[in-house]
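Subject: Two-chain model, handed over

Hello,

Here is the structure you wanted to look at. Please open it first, then read my notes below alongside it.

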Amino acid sequence: MSLVNLAHVCSHLQNASQARLGLTSIPVSKLHVNLMLGLQREGFLSSVTLGSTVPPKPYILQTTVDPAQHEKLAQTLADAPWAAYSPEPSENLPGIDAHLHELSVPQNPARRRLWLGLKYWNNEPVLKHMKLISKPTRRVWLTGEDLSKITRTRPSSYVKGLTHPGECMFLTTDRGILEARECVERRLGGMALCRIWG
Amino acid sequence: MSVCRPARCLLSAGFLPKPQATPKRSLHASTIRPARRRRPHYPSIKAEDLKLLNQAAETQFPSYDKSETNILSKRYTPSQIAAIKAAETAIDAKDLLTQSQLRTDPWRLPYADDLSEVDPITDQPEKLSPEDIPGPHAFRDNNDVERDAAIARVTNEQLAKFYPDGIPDGELSPEEERKLHEAMDAAFMQATLDPRTSFHSSNPRTVAALADPRHSIVAPSLPRIENRMVRQTRRLSSEEEEDPRQKRLLQYLDWDKKKLRSIRVKTLVVHGVTNQTRMGKIRSMYYLTIAGNQDGLLGVGEGKSVEPDEGRKQSVMAAIRNMRPVPRYENRTTFGDLEWKVGATKVQLMARPPGFGLRTQHLIFELARAAGLQDLAARTPRSRNKMNVIKATWEALCNQKLPDEIARARGKKLVDVRKVYYGGSVH
C-alpha cells in the first residue's frame, strides 16, 4: 500500500494528459491495477492493459484485414458488439482471432508495466486533474456518513466536497477500491485515495 | 515829471521805408510747391456728369410730397419737423452722392441695409413703454358681468378673422356647419385666454395694451422660412444623431436600436496610458467595458484613444461585438466550481444554491449581473489586477465544462440528482 507510488501515478497521468499522449504506462501493483480498473469503469480511461516496457500494439493494428472483410466485421460488430470480447474464435468474426491478441507479459515482475489508454474530447483531456487525498504522512479515513456529505458537495472530516462537475473520489474499502458514490450505495467507509476531475 | 518814452528802435520794420518789390521771373518749368498744394475745395464737375448726378440725386434722395409730410406730423412734434426740414434744405442731395463713403470701421454692419424696415429675425421688435399709453393706467380684475361682455366682444373679433367676409348664414352643409362650430370653439377658447377679458379699466387703451404685442415682454416667435434649402436641412427633434460606428455595428449584428438599448453596458476600468515617442509622451485613456444581455451573453471589450469619448465608445463597441454565450445551471449559477488564471491573477468561482446572491468582489459582481447569474461566490487568492480579474472571470464563465459534454466524453450517464431525486430542493 504505497501512497508514494500513487502520488507518482497522479502526477504522471496529469502530465501525460497535458502532453496529449495516447498511451502511458505505470508500474504494476495491486493498488494500481484496481484503481485503474475503477477509473476505466468511471470512463476516464479507454484501456487498461498489462504489458512490458514496450507499449502494446493496438488491438486493431495487430493484423491487417482485407477491406471487404473489414466491412463485414464492422457490420457483425454493429449487430453484436459483445462478440468483440469473446475469447473463442467464431465463424461470424473472420477478422478477429483470439490468439492474435498478443499479450507479452515479462516473467520478471519488475519489467511489467500497466498500459493505460487516455481519452480526449473536444480538444480537452477527459482526465485533467488527479489529486491525492491521503498522503504518505497522513492517511484520511472516511465513514459512510462523511461520504454521504462529500458526494453532496459538503465538506466533512477535513475533506472538501465533490464540487466540480463529474468529480470522482476513490477509496480503498473492505470490498476493494470503489468510487465514493458506490460506497454511499453500499454504506461503506474507507481510506480515501485520490480525487479526479476535469 | 519825467515821462519815459520807450526807446523805439529806428531799425524796426514799421518806421523804415519798405524797398520796392522787384518783379521776379519764374525759373521753374512747373508751378512752385506752395502753388501746387493749393487745390479747390470741390473738384470741377463736367456738365454731362452734373445732369446724371442730378438725376441720381432725384432718384436716391427724393423730396417729400404732401402726403408724406403729413405722416411725419404723426410721428414727430412740429418743432422736430421744422428741424428736419431745415436740415434737408441745407444738405444738397448731390453732395450726399459725391461725398458719402461706405463705412470701413470694424463696427459697420456686414451687409447692406438702410435700416428703414424692421427685420423680424435679426432686429429686436419695437417695444412700447407704459408712457405711450395715454390716460390713466389703473386697472382691476373683471367681475362676471364685465368678463362675459368682454369674452363676447373678443370672440366676435376672433371669429371675424376666420370669416373676414362675414359668417355664413342660412342653410349650411354638414361640412360647413362643422367648420363653423370649430371656428366658434376656437374663437371662444382664444377669447378666454386673452388678457383683455380678465381685466377692466376706465381707460380702454389700458386694456388694449394688455393684449398688444408691442407692450409685451415676450418676444414674438420667429417666422418660418420656407425654401428648398431649409426644407432639405430641416431635422426633426425626435431624430437622434447618427453615429457611423454604431450604425455599422448594428448592421454587422443585425440588431435594431431597441435591442441595443436593452444590453447592459458598464465601464469597469479607466486609466491613462503613456506612449513615449520621438515627439514626446503621448497620453491616451484606456477603457475596459463589459456588455451583457442579462440572459446568458457576456462580452468584454477594450478601447484606447487620446480622446476620452472616443476610447470609451471603442470599448463599448468591442464589448458588444465580443459577446459570447455563458452556460448557466438553472439560469442562475455556474456548473460547479471553476478556476482560471490570467497572468498572476487566479479567480475561483463557486456555484451556490438559489437565493444565495452574488457574494463576490465588485468586478465579478458586475460581470455576473450582466451575464444573468444570480447566485455566485468568488475568490481572488493571488493578484487582484482589475483588468486580469475581469478577463479571467470572463474566460472561466465561457469555458465551463457542461455535464452533457462530460457524459459524452466518458461514455457514462450523468444525472442531476437534485432535480431528479430531490425534486429541486436544496436542504
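Let me start at one serine. The side chain of B:Ser201 comes to 3.2 Å from the backbone nitrogen of B:Asn203. That side chain also reaches the backbone oxygen of B:Ala138, at 2.7 Å. Bear in mind that this is a predicted model.

Where does B:Ser201 lie? The residue is in the loop between strand 2 (199-200) and helix 8 (204-210) of chain B. B:Ser201 counts as buried because its relative accessibility is 9%, and the cut-off for buried is under 20%. Setting aside neighbours within four places in sequence, B:Ser201 touches B:Ala138, B:Phe139, B:Thr206 and B:Val207.

**Chain B, sheet 3-4-5-6**

Four strands of chain B make an open sheet in the order 3-4-5-6, with antiparallel pairing. Strand 3 (264-277) and strand 6 (324-325) of chain B are at the edges, each with a single partner strand, so one side of each has no neighbour in the sheet. Strand 3 of chain B pairs with strand 4 (residues 280-292) of chain B over 13 bridges, in the antiparallel sense. Within this chain, B:Thr274 stands opposite B:Arg283 in strand 4.

Two helices sit against these strands. Helix 13 (residues 362-371) of chain B packs on the sheet and touches strand 3, strand 4 and strand 5 of chain B. The direction of helix 13 of chain B makes about 125° with that of strand 5 of chain B. Helix 12 (residues 308-321) of chain B lies across strand 3, strand 4 and strand 5 (297-305) of chain B. Helix 12 of chain B runs at about 155° to strand 5 of chain B.

**Chain B, sheet 7-8-10-9**

Another four strands of chain B form an open sheet, in the order 7-8-10-9, and here the pairing is mixed. Strand 7 (338-342) and strand 9 (358-359) of chain B are the edge strands, and each pairs on one side only. Strand 9 of chain B runs parallel to strand 10 (residues 376-379) of chain B, joined by two bridges. B:Arg359 is opposite B:Ala377 in strand 10 of chain B.

Helix 14 of chain B lies across strand 7 and strand 8 (345-351) of chain B, at about 45° to strand 8 of chain B. Helix 14 (residues 386-398) of chain B has 13 residues. Its first and last C-alpha are 18 Å apart, close to the 18 Å expected at 1.5 Å a residue. What caps the N-terminal end of helix 14 of chain B? B:Asn385 does, with a side-chain oxygen 3.1 Å from the backbone nitrogen of B:Met387. Buried residues in helix 14 of chain B include B:Asn388, B:Ile390, B:Trp394 and B:Leu397.

**Chain A**

Chain A has five helices and ten strands. Of the 198 residues in chain A, 40% are buried. Among the contacts in chain A with a separation of 6 or more, 68% are between residues 24 or more positions apart.

Strand 8 of chain A is mostly covered, with six of its six residues buried. A:Cys168, A:Phe170 and A:Thr172 point one way, while A:Met169, A:Leu171 and A:Thr173 point the other way. Strand 8 of chain A pairs antiparallel with strand 10 (residues 190-197) of chain A over five bridges. Four bridges join strand 8 of chain A to strand 9 (residues 176-179) of chain A, also antiparallel. Strand 8 and strand 9 of chain A form a hairpin, with two residues between them. A:Thr172 stands opposite A:Met191 in strand 10 of chain A, and opposite A:Ile177 in strand 9 of chain A.

A:Val159 is in the loop between helix 4 (144-151) and strand 8 (168-173) of chain A. A:Val159 counts as buried because its relative accessibility is 3%. Its contacts beyond four places in sequence include A:Ile133, A:Leu142, A:Met169 and A:Arg195. A:Val159 and A:Ile133 are 26 residues apart in sequence, and their C-alpha atoms are 7.9 Å apart.

**Where the chains meet**

Chain A and chain B bury about 1,200 Å² between them, 50% of it on carbon and sulfur atoms. Chain A brings 17 residues to the contact and chain B twelve. In chain A, A:Trp121, A:Thr163 and A:Pro165 lose the most area to chain B, together 39% of what that side buries.

Best wishes

Technical notes: Residues are numbered from 1 along each chain as its sequence is written. Chains are lettered from A and ligands numbered from 1 in the order in which they are written. This is a predicted model: local features need pLDDT of at least 70, side-chain atom pairs count only at pLDDT 80 or more; totals for chains, interfaces and linings use all residues. Side-chain values use heavy atoms; hydrogens and water are left out. The expected span of a helix is 1.5 Å times one less than its number of residues. Buried means under 20% relative accessible area, exposed over 50%, partly exposed in between (1.4 Å probe, protein chains only). A polar contact is a pair of N or O atoms within 3.5 Å; within protein, one must be able to donate a hydrogen and the other to accept it, and residues adjacent in sequence count only if both atoms are side-chain atoms. Two strands pair if DSSP finds at least two bridges between them. Contact means heavy atoms within 4.5 Å. Axes are lines fitted to C-alpha atoms, for helices over the stretch in contact, and angles run from 0 to 180 degrees between N-to-C directions. Buried area is the accessible area (1.4 Å probe) that two parts lose on being put together, summed over both.
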